[in-house]
Amino acid sequence: MPGIFPEQAHTQTISDIGPKNLSFEDKKNDPSLSTTSITNDQLLDGLLVSTFDKAMCLSRFQSHLYRKASPHKPSAYLISKLRNYESLHRSCGPHTKSYNKIMSNGAKFSKNSAGIKCKYLVWTASNGLGNRMLTLAAAFLYAILTDRVLLVQFRADMFDLFCEPFPDSSWLLPRNFPYWKDQRHIETYENVLMKSKKNISPEVLPQFLILNLQHTHDGHNNFFHCDRSQGLLQKVPVLILWSDQYFVPSLFMIPSYRQDLIKMFPQKDTVFHHLGRYLFHPSNEAWELISRSYKAHLAKADEKIGLQIRVFNSRNHKTPHQTIVNEIIACTSKHKLLPELDMQKSATYLKKQTSKAVLVASLYSVYGEKLRTMYLTNTTVTRDKVIEVFQPSHEERQNSNNDTHNIKAWTEIYLLSLCDALITSSKSTFGYVAHSLGGMKPWLLRRAYGETIPDPPCKRVKSMEPCFHYPPKYDCRDNRTVDFTSLFHYMKHCEDVTSGLRLVNANS
Ligand code: GDP
């Protein structure tokens, strides 16, 4: 993309955006916080509502100053489903009469669950932040489709990341959720399916049920996408989701949801793009880090290139850092994302052409350092100028149970999503969230072995959607295994995980 600062019309306000403790004077003078001037851009073409307290969540009203308007508009039907969902959440959310009644009923509940107004889907965390955000978006979509209220069980490691997404209510699961106290009444999804196969009446369905869609847990996963299972699940008042997977393609496989989904997402590869921008607004704490980094390191560049370097080393196999750097250079030169380096000449810029800033996201400092040194000490062949190689953090190891660590991860995912082009690492959900939020199709770095740079070094993905790494293989109608890409023209195997599935636009 030609490198202009997003939303040129607003550039003068960027430098005025203040940190979270705004004084009244600041708020009064900040156009993004004024009560009367909420624009369609701020509301993401109708995806968001305007009724939130602005100072509680600055990013909700200011993100449009940093991000180009998305060319992908949400459908009117999606918008109406979101408004309906918000209304359901408002009337059934935590501490409402309905919530208190269902949660206090205990095991007595089971016989009478058919006509209840409020049902719940409780999301629990597993794995790193990328996985968590993907499953949260998938869970939200499942909640919309099944008229359930989504509640999230955040621990201290996630409390400070996001704003509340739903108006006049909370998505946080109250601490006194009965399941955590008394697990005697908990059933698992497979048990219920097994019983129902033996023709045990679904009347014995429990009040709480664990829906295990973890990638490590395969058995049940073969049936979640079958209408019969959904018929059973629908009767359970409270589902507790364990998952680390982006199971959205499974939802498209379920006949009773498919038409609704197609109407909500006429452009199939925008599911996470829309739901992610609806749900995930950085908290004021995260927003302060994001906006500061953006202004200091990215705002002035004509083009912002994001590099996400996730290294999955195993005990037997370690790729040398230099090989990965060489692979990145091979990829960025081949696709003209970054100017080629002339290693013979030291850095001089006779005439400035395009200025580029490179954002490096990685656990390891070595990548930012190596790339910075290369661009600072060598002239680029085209004399384009790489003005800065910037790596916001280097945690050195994953520590997903830590709040500060997760805020840094979220900051970097968000900053990557603000770039003009992305190079990301294969199989990384961290990268998926960044490109999908930003509405980009990244170049995926292929995994290097030893010192050999893969040829080609990277591959452009066909879709903005994240990859579902462990999709089902069971055809519910025929009682046999199937490759779902042969049944749905809008599902393709992922470029980075050959057995995975990604939603694509029909013509891609
Ligand atoms: P995946 O493992 O690549 O699919 O991504 P996840 O986000 O699920 O898990 C990886 C976790 O490691 C992240 O959530 C972060 O906690 C940490 N991590 C990995 N790469 C980075 C990075 O570039 N920057 C930061 N700050 N943390 C990272």
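**Briefing: the ligand and its pocket**

About 640 Å³ of space lies in the largest pocket of this predicted model. The ligand sits in that pocket. Residues are numbered from 1 along each chain as its sequence is written. The model is predicted, so local features need pLDDT of at least 70 and side-chain atom pairs pLDDT 80 or more, while totals for chains, interfaces and linings use all residues; side-chain values use heavy atoms, without hydrogens or water.

**The pocket**

- A pocket is an open set of points on a 1 Å grid over the protein atoms alone, where a 1.4 Å probe fits, with protein on both sides within 12 Å along at least five of seven lines.
- Its volume is the space filled by probe spheres set on the points, which are joined across faces, edges and corners.
- A molecule sits in a pocket if more than half of its atoms lie within 2 Å of the grid points.
- The largest pocket is lined by 33 residues; lining residues have an atom within 4 Å of a point.
- Asn131, Arg310, Phe312, Gln398 and Thr429 lie nearest the pocket's centre.
- The lining divides into 11 nonpolar, 16 polar and 6 charged residues.
- Here Ala, Val, Leu, Ile, Met, Phe, Trp, Tyr, Cys and Pro count as nonpolar, Asp, Glu, Lys and Arg as charged, and the others, Gly among them, as polar.
- α16 gives the most to this lining, with 5 residues.
- Helices (H or I, at least four residues) and strands (E, at least two) are DSSP runs, numbered from the N terminus.

**The ligand and its shell**

- 19 residues surround the ligand, and the closest are Asn131, Arg310, His405, Ser428 and Thr429; a residue counts as near if one of its heavy atoms lies within 4 Å.
- By class, this shell has 6 nonpolar, 10 polar and 3 charged residues.
- A polar side-chain atom of Ser428 lies 2.6 Å from a ligand oxygen atom.
- An N or O atom in the side chain of Thr429 is also 2.6 Å from an oxygen atom of the ligand.
- Gly128 uses a backbone N or O atom, 3.5 Å from a ligand oxygen atom; a polar contact is a pair of N or O atoms within 3.5 Å.
- The protein covers 97% of the 560 Å² of accessible area that the ligand has on its own (Shrake-Rupley method, 1.4 Å probe).
- α6 (129–146), β8 (355–362), α16 (403–417) and α17 (429–437) each give two or more residues to the shell.
- The largest share, 4 residues, comes from α16.

**Backbone notes**

- The peptide bond from Asp455 to Pro456 is cis, with omega near -5°.
- Pro456 lies in the loop between β12 (443–445) and β13 (458–460).
- Leu44 has a positive phi, near 50°.

Conventions
Polar contact = N/O pair within 3.5 Å; in protein donor to acceptor, adjacent residues only side chain to side chain.
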